[in-house]
Amino acid sequence: MRGSKAGKEQKREAILDAAIRVFAEKGFHSSRISDVAREAGVAEGTIYLYFKNKDDLLLSVFSKRVGAFVEDVRRAVAAKSTPQEKLRTIVDKHFEHLESDLPLAQVIQIELRACSVFMRGGVSPELKSYLETIEEVLEEGKAQEVFRADLNVKVASKAFFGMMDEVATVWVLRRKRPLTEMAGELFSIFYQGIKKEG
């Protein structure tokens, strides 16, 4: 039974990988389940054994891949000492992950916005965990008096994420320079606005 469970998980992962490639190449709305099945090398009916429909497949890509990404960010942040280092690490890891996998970056930054189910669904558990990670770093910076005492961490965490998200989206669309080259600039702009004066 254990081998069977592992085999099912491998097939599910193969379908998710195929979906990322298809959605990135064709666009979410133009893609069909049959396209994903062909890319994954499985029968179309097999897709429905794992996913309800195309929306569910896209949401599963986000949940699985972004969930793993957030965990990686949390581990990297935990290894740093100061709030400034932790904040910079979040930007570095965010951009490194996206730059290392362009098809996934295209799906997350562009195609996910085309999914009405995702857009109407509120904050996903993965995104909520990511924002909480940023909030924790900002709270730590306030407690250590390196960030402004009047900093609203709820607003600031969303602003920080929004900056990274917008820069990443523009990069996916244009790719004029490496995304990771912009990490330091983004961090500097944000940090100048939240650091304690004096």
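Which helix does S129 lie in? S129 sits in helix α8, residues 125-143. By helix I mean a DSSP run of H or I with at least four residues, and a strand is an E run of at least two, both numbered from the N terminus.

Quick housekeeping, everyone. This is a predicted model, where local features need pLDDT of at least 70 and side-chain atom pairs count only at pLDDT 80 or more, while totals for chains, interfaces and linings use all residues. Residues are numbered from 1 along each chain as its sequence is written, and side-chain values use heavy atoms, with hydrogens and water left out.

Okay, the overall picture. We've got ten helices and zero strands, so to speak an α-α-α-α-α-α-α-α-α-α run from the N terminus on. The C-alpha trace spans about 65 × 40 × 30 Å along its principal axes.

Now, burial: 43% of the 198 residues count as buried, meaning under 20% relative accessible area with a 1.4 Å probe, protein chains only; exposed is over 50%, and partly exposed is in between. Back to S129, then: its relative accessible area is 18%, so S129 is buried. Who does S129 touch? Leaving aside neighbours within four places in sequence, S129 is in contact with V70 and R74, contact being heavy atoms within 4.5 Å.

And contacts across the whole protein? Taking those with a separation of 6 or more, 71% join residues 24 or more positions apart.

The protein exposes about 10700 Å², with carbon and sulfur atoms supplying 52% of it; that's Shrake-Rupley, 1.4 Å probe.
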